[in-house]
Amino acid sequence: MKVSEAVGRALCAAGVDQVFGVVGSGNFHVTNAMIAAGARFVAARHEGGAATMADAYARTSGEVAVVSVHQGPGLTNAMTGIAEAAKSRTPLIVLAAEVTEPRSNFYVDQEALARAVGAAAVRVTSAEEAVEQTCAAVRLAVRERRTVLLNLPLPVQASEVAAGALAQAVPPTPRVAVEPDAAEVAALAELLGRSRRPVFVAGRGAREPGGREALAALAERYGALLATSAVSRGLFHGDPWSLDVSGGFASPLAVELIQGADLIVGWGCALNMWTMRHGHLIGADATVVQVDDDPSALGAHRPVHLGVTGDVRLTARRLSEPGCEPREGYRTPETAEALAARLRWHDVPYEDTGTRERIDPRTLGIALDEILPAERVVGVDSGNFMGYPTMYLSVPDEKGFCFTQAFQSIGLGLATTIGAALARPDRLPVAALGDGGALMSAVELDTVRRLGLPMVVVVYDDEAYGAEVHHFGPDGHPLDTVRFPPTDIAAVGRGYGFEAVTVRTRADLKAVADWVAGPRSAPLLIDAKVVADHGSWWLEEAFRGH
């Protein structure tokens, strides 16, 4: 058995069963070896799409995925998706062929590329160590929640591996949950006991199994309201004390209640400028606590009064006191009445600015939320439009929302939704894109059609890079570089085998309802010509963060 086959089989023996990629000569044999060992392979049309699909699959499934790429340009094509995964601490293996001869036209310093975006790097150096080095890469991805580049040099791939070498390839042991310090738990318990208006904000670290249940029980004990960061949206769906998202997408009532908190506890949440709106959501007299199993994360984005190093689920359980009567806290009758009446963005009055030619994006979002099945998985691209699907399209749980925004790159939303859809085949996948991101990633429409995914792709088409239009336009700057002539994006979708509809008014959405009714034999693209004069406060926050 050659190294290329041994590496592919070792990855599968280590627990990987999903691989995305674009196959070239350098990764041909190793990818086929994974397929032969039982892995499902999804061929993307671009390496950038493959990397993002793998990232979204890993986030949604909770399992390690692989993206397989050719040496040199195959890896560089994938780098934006890899950067997003690395910044999001997604456990992911980037399997890349590698040339070691500096005079080769394919040569780049692949290890340096990985380090540049925060990924780790492992290299297969010999036939004798190939299986162990492969398994070490998977262990690193799982135990440290890292995106790992596994370099597979071409000269090594053809080497012969000794018989029986694969016997040492086994799945890594799970990460060990970090037990919180008893003194830190006691300090947090004291703060909770004194608080009259506590708010819990759950982030990525609360998405682990048992996180929701442990936090919901603790919140009930102390009368806390529940919110999430954007990446964990849906975690508390259905809980009557949920505020949904904290940060730029928070509803006016959620903002009001979070600002009124006397104690804010971030659970596996960075409490960064997005989630706390540059600190504007933190009241002047509020106490801020952060719980995270990574001590370097505590206070990294803002000062905290108390940092607790520990696993979210374990820490919440240590704080629960069996037999104690729940406290009212922030869960007053007045708060319950307000949450029932005006928490959702749907309940916030607005002046519909739509015309016969362009639909108001709020009207579009409300209508789609009513038309599309509730069991859905939503992927959102970046851009001026991104708040509308995030605010108006509900999701059933944290597995129903995939938000690849750590790098703030446009063009990832379609591939994000493909990866999430494959992880949750029981749900309707909904990709929400701007026209810029849709046209940037249109090649992956072919992947949607080829896989037979019953996807809805919604394009919020304002014929511009709207964020720049609204940021620079008020100051009188020329905008020709960020505005574009009309494009028939519905026709583009039809060219890829989609059913497609152009939406200018709410009445045009009847075609969407008809598609939902069945048989859904082809995916659906909605080219929504949205009102172009809607700026977004969420991206003004982003510009402040640049």
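Me: Where is His278 found?
Reply: In this predicted model, His278 is in the loop between β10 (263–267) and β11 (287–292).

Me: What is its phi?
Reply: Phi of His278 is near 55°, a positive value in a residue other than glycine. Most residues other than glycine have a negative phi.

Me: And is His278 buried or partly exposed?
Reply: His278 has a relative accessible area of 22%, so it counts as partly exposed. The cut-off for buried is under 20%.

Me: What about Arg89? Which phi does it have, and where is it?
Reply: Phi of Arg89 is positive, near 55°, and this residue is not a glycine either. Arg89 belongs to the loop between α5 (79–87) and β4. Its relative accessibility is 34%, so Arg89 is partly exposed.

Me: Where is there a cis peptide bond?
Reply: Gly518 and Pro519 are joined by a cis peptide bond, with omega about 10°. Pro519 sits in the loop between α21 (510–517) and β18 (524–529).

Me: Changing topic: what is the strand order in the open sheet of six strands?
Reply: The order is β2-β1-β3-β4-β6-β5, and the pairing is parallel. The edge strands, each pairing on one side only, are β2 (40–43) and β5 (120–123). On average, neighbouring strands of this sheet are turned by 25° against each other, direction ignored.

Me: How many bridges hold β5 and β6 in their pairing?
Reply: β5 pairs with β6 (residues 147–153) over four bridges, in the parallel sense. Within this pair, Val122 stands opposite Leu150 in β6.

Me: Which helices pack on the sheet or lie across its strands?
Reply: Helix α1 (residues 3–13) is one of them: it packs on the sheet and touches β3 (65–69), β4 (92–98) and β6. The direction of α1 makes about 160° with that of β6. Helix α7 (residues 130–143) lies across β4, β5 and β6, and runs at about 165° to β6.

Me: Why is α1 described as largely enclosed?
Reply: Because eight of its eleven residues are buried, α1 is largely enclosed by the rest of the structure. The buried residues are Val3, Ser4, Ala6, Val7, Gly8, Ala10, Leu11 and Cys12.

Me: What do those buried residues pack against?
Reply: They pack against α2 (28–36), β3, β4, α7, β6 and α8 (154–157). After α1 comes Gly15, whose phi is positive, near 110°.

Me: Next, the largest nonpolar core. How many residues does it have, and which have the most contacts inside it?
Reply: The largest nonpolar core has 47 residues, and Leu414 and Val457 are those with the most contacts inside it. Neighbours within four places in sequence aside, Leu414 contacts Ala431, Leu433, Ser441, Glu444, Leu445, Val448, Met455 and Val457. Another core, of 38 residues, lies apart from it and includes Ala230, Val380, Tyr388 and Tyr392.

Me: How many cavities of 30 Å³ or more are there?
Reply: The count comes to two. The largest cavity has a volume of about 50 Å³. Among the residues lining the largest cavity are Leu414, Leu433, Val457, Ile489 and Leu525. α17 (435–440), β16 (456–461) and α20 (489–495) each supply at least two residues of that lining.

Me: And the second largest pocket: what is its volume?
Reply: The volume of the second largest pocket is about 500 Å³. It is lined by 29 residues, of which His237, Ser242, Asp244, Leu343 and Arg344 are the closest to its centre. Two or more lining residues come from each of β9 (242–245), α13 (333–342) and α15 (387–392). β9 gives the most, with four residues.

Me: Which helix holds Thr60, and what does this residue contact?
Reply: Thr60 is in helix α3 (residues 47–61). With neighbours within four places in sequence left aside, its contacts are Lys399, Cys402, Ala420, Ala423 and Arg424. Thr60 is at 5% relative accessibility, so it counts as buried.

Me: Last one: is Pro180 buried or exposed?
Reply: Pro180 counts as buried because its relative accessibility is 11%. It is found in the loop between α8 and α9 (182–194). Not counting residues up to four places away in sequence, Pro180 touches Val185, Val308, Thr309, Gly310, Leu314, Thr315 and Arg318.

Me: How far apart are Pro180 and Phe407?
Reply: Pro180 and Phe407 are 31 Å apart in space, C-alpha to C-alpha, and 227 residues apart in sequence.

Note on methods
Residues are numbered from 1 along each chain as its sequence is written. This is a predicted model: local features need pLDDT of at least 70, side-chain atom pairs count only at pLDDT 80 or more; totals for chains, interfaces and linings use all residues. Side-chain values use heavy atoms; hydrogens and water are left out. Two strands pair if DSSP finds at least two bridges between them. Axes are lines fitted to C-alpha atoms, for helices over the stretch in contact, and angles run from 0 to 180 degrees between N-to-C directions. Contact means heavy atoms within 4.5 Å. Buried means under 20% relative accessible area, exposed over 50%, partly exposed in between (1.4 Å probe, protein chains only). A nonpolar core is a set of buried Ala, Val, Leu, Ile, Met, Phe, Trp, Tyr and Cys residues joined through side-chain atoms within 4.5 Å. On a 1 Å grid over the protein atoms alone, a cavity is a set of points where a 1.4 Å probe fits but cannot get out, and a pocket is an open set with protein on both sides within 12 Å along at least five of seven lines; lining residues have an atom within 4 Å of a point. Grid points are joined across faces, edges and corners, and a volume is the space filled by probe spheres set on the points.
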